[in-house]
Structures are given as C-alpha cells and as structure tokens.
Amino acid sequence: MKTPQASYDSLLAPYSASAPITTDAVDRRTLPTAVADRLRELIIEGQLPAGSRLNERALCDLLQVSRTPLREAFRLLSAEGLVRMQPNRGAQVIALSEKDVRESFEVMCALEALSGELACQRISEEEIAEIKALTFEMQACHARRDLSSYYHVNRQIHDLINAAGHNDLLSTVYKTINLRLQNLRFRSNLNHDKWDQAMREHQDMVDALVARDGARMANVMRLHLQRKGEAVLESLNPPPNSD
C-alpha cells in the first residue's frame, strides 16, 4: 500500500522532467507569479487534486525554486480561491462542495451568456478572425484527442469572447468565478461524447458571432455551460452500478 507521500511523489512524477522555473529565465520580481502560473496549471489539469495538501519540499524540488517564492505563489493562489492557507498546516488545494459547484456553474451560465450577447454587439472583425483561427486550432487538438492543448486554446477563446463584450466589470466578475471552475471545466471533457458535443457548440459560437446574433450566441453559451455543469455533477455523483 502506498504511503501518502509516495502517492504524492508519483502524482508529480510526470512533471519532474519539465523545464524548471529559475531566475535565469524569470525576473526575481515575477518569480512567484511564474510559480503560481505553473501550480495553477497543475491544479487545473488535476495533477494536484482538489483537497490535496501541497508538499513544499516536493514542489520546490519539482520547480527548482526556494520556499520563499513558493509560499508567495501559494498566497497568490489563495487570493484566487484555488488554495487554502492553514496556520501550521501549510497549503491545500480547495475542494468545492457539490453545492458550490452547482451554484458556481449557475452563475457562470449567466456570465457566459451575457458575454456572448455583448460580444455580438461590440466585437471587431479582427477579434472575430482571432476567435475563428483559434477554433480551427482547437478542432485540430480535438481531432488528435490532445485534451491539454485543446483546453489551453479553449480557455483563450472563452476569455476572448468575454473581452469582446468590452465590459470591465463583467470581465472582473467572470475571471473571479471562472478561476474556481477551471479544473472542473477541464474534467468535463474527459467523456468523449460530451467533448464532441462541446466542440460542435464552439462552431455554433463562431457562426453566431459572425452573424452578430446576440440571442443565438447567448443561448449557445448558456447551454454550453449548463452541459459542462451537468457533466461535472454527474462525475461527482456517478450512477449506481447496474450489474
């Protein structure tokens, strides 16, 4: 039986060969931000699961940084709602309750729908062209079943749609809520049928943007997030074995 530390080490093993974060490549003033960026990706992709404690020694070895920038990165992620700082117990990845997940997706449905509707009113031709190009790139990732790359492009597209609404307050609220859900949005594509559906919905988004059809875009975005929320809640409450 594996010890908790052995399990933690094996969890991070695939990342041990990745390029370390060093002060040769990153200015010392931005090193905590770079460390936070790397940790955020590990959390989003499930390599640091919800509820797991963040082992400082293992992470310092992985990222080849000292504890000072690592702890500052923990504080940055704590401000984003991704990590909980516990006195004398270190840091832990936040685990959302089922109620938290349901409520967060309900809010994100509304935010995404409003972003899409406003984008259709205010988006530029250059912004449409960028979203179309990224959608083609995402289709290629989908065809290769490269979920990690797909999701990176997916996030860019959703962020661009939100930005195209040109509403600063909406963008601030959107980013705050969305950070809590990135890991869950990533996991919602682990089911291939649901992933295929999500890809089709992204093409519908492009069509609605090109037509500047705000009502259609809002509906597509709302359904897109509803389905993601449903997929996540199903994964939290799998149906009983029918055998």
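Which residues are linked with Arg40 in a network of salt bridges? In this predicted model, the network joins Asp37, Arg40 and Glu80. Side chains of opposite charge can pair when their charged atoms come close. A search of the whole structure finds 14 salt bridges.

One of these pairs is Arg185 with Glu112. The closest N and O atoms are 3.0 Å apart. Arg185 belongs to helix 8 (residues 168-187) and Glu112 to helix 5 (residues 98-122), so the pair ties together parts that are 73 residues apart in sequence. Both partners are buried: Arg185 has a relative accessible area of 2%, and Glu112 one of 0%.

A salt bridge also forms between Glu125 and Arg212, again with the closest N and O atoms 3.0 Å apart. This pair links distant parts of the chain. Glu125 sits in helix 6 (residues 125-144), while Arg212 sits in the loop between helix 9 (192-211) and helix 10 (214-236), 87 residues apart. Glu125 is exposed, at 51% relative accessible area. Arg212 is partly exposed, at 33%.

Arg227 pairs with Glu201 in a further salt bridge, where the closest N and O atoms are 2.4 Å apart. Here, too, distant parts of the chain are linked: Arg227 lies in helix 10 and Glu201 in helix 9, 26 residues apart. Arg227 counts as partly exposed, with 36% relative accessibility. Glu201 counts as buried, with 4%.

Arg155 was examined for its contacts. This residue is found in helix 7 (residues 147-164). Its relative accessible area is 19%, under the 20% limit, so Arg155 is buried. Beyond residues up to four places away in sequence, Arg155 touches Glu41, Ile44 and Gln182.

Terms used: Residues are numbered from 1 along each chain as its sequence is written. This is a predicted model: local features need pLDDT of at least 70, side-chain atom pairs count only at pLDDT 80 or more; totals for chains, interfaces and linings use all residues. Side-chain values use heavy atoms; hydrogens and water are left out. Helices (H or I, at least four residues) and strands (E, at least two) are DSSP runs, numbered from the N terminus. Buried means under 20% relative accessible area, exposed over 50%, partly exposed in between (1.4 Å probe, protein chains only). Contact means heavy atoms within 4.5 Å. A salt bridge is a side-chain nitrogen of Lys or Arg within 4 Å of a carboxyl oxygen of Asp or Glu.
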